[in-house]
Amino acid sequence: AGMLAQTNTTWKAWMSDGTTNAATRLYKSNNYAYRTKDLKIVVNNWNDLVDGTLDSPINVNENGMVLNTLVWTGTLGNGNLFLNYNCNNWNFNNASILGGIGNSGKNDSAWTYGSSLPCNQINSIYCIEQPQCGNRIIENTGSFSETCDDGNRNNGDGCSNICKFEVSGGTCPKGTDCTKVTNTPNIVAV
């Protein structure tokens with residue numbers, strides 16, 4: 001799936017099933033904006049993502065193409081599940097079962113839940129980049145804490161394979177760029 005398959009990047013779908021909300025499964029960036037692959041700011045942080053509106057629609061796919069498509073979510077604007085609209089936990093391709101959909105061209109609450117469709121239809125999904133060492137985002141999420149992130153998991157370049165400074169004092173060796181970061185998770189419709 002294009003850029004979603006790149007190394008050092010983990011993605012999770014913005015989808016809820018019958019028991020789990022999308023909001024409980026996903027990393028909540030409170031310090032950084034969520035952006036599309038073309039770098040448009042979708043929202044300023046997690047709280048902005050779940051307030052019911054977006055600053056820009058999530059209408060760019062993993063290849064950078066702009067699209068206006070229906071998106072499977074089963075999720076309300078606050079990140080909680082829309083009960084019984086999840087294609088039986090996303091396991092059934094059946095015209096008699098319904099799944100909640102959003103629209104990638106919308107920036108009101110319809111971005112995540114505008115209506116429902118029979119589950120035998122093919123639609124896109126939203127994917128949100130998650131914390132991971134080597135993705136050029138310095139993240140601190142409790143048990144996952146980085147002091148640097150240079151986009152790889154190599155030792156010997158100033159930032160270790162677990163995204164900690166390799167030298168005391170937290171500086172990079174001369175001529176390296178061990179703290180280059182984007183400080184923003186990506187969000188795409190695929």
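Predicted model: local features only at pLDDT ≥ 70, side-chain atom pairs only at ≥ 80, totals over all residues.

C87 sits in helix α3, residues 87–90, and C119 in the loop between β6 (115–118) and β7 (124–130), so the bond ties together parts 32 residues apart in sequence. The two sulfur atoms are 2.0 Å apart.

How many disulfides does the structure hold? Three.

Next, C133 and C163, joined with an S to S distance of 2.1 Å. Here the torsion is about 90°, so the disulfide is right-handed. Both C133 and C163 are in the loop between β7 and β8 (187–189), and they are 30 residues apart.

That leaves C148 and C159, with sulfur atoms 2.1 Å apart. The torsion is about 95°, so this disulfide is right-handed. C148 and C159 also lie in the loop between β7 and β8, so the bond ties together parts 11 residues apart in sequence.

Now accessibility. Is C87 buried or exposed? It is buried, with a relative accessible area of 2%. In the second pair, C133 is buried at 8%, and C163 counts as buried at 0%. C148 and C159 are both buried.

One further cysteine, C127, has 7% relative accessibility and counts as buried.

How values were computed:
Residues numbered from 1 in each chain as written. Heavy atoms only, no water. Disulfide = S-S within 2.5 Å. Helix = DSSP H or I, 4+ residues; strand = E, 2+ residues; numbered from the N terminus. Buried < 20%, exposed > 50% of the residue type's maximum accessible area, 1.4 Å probe, protein only.
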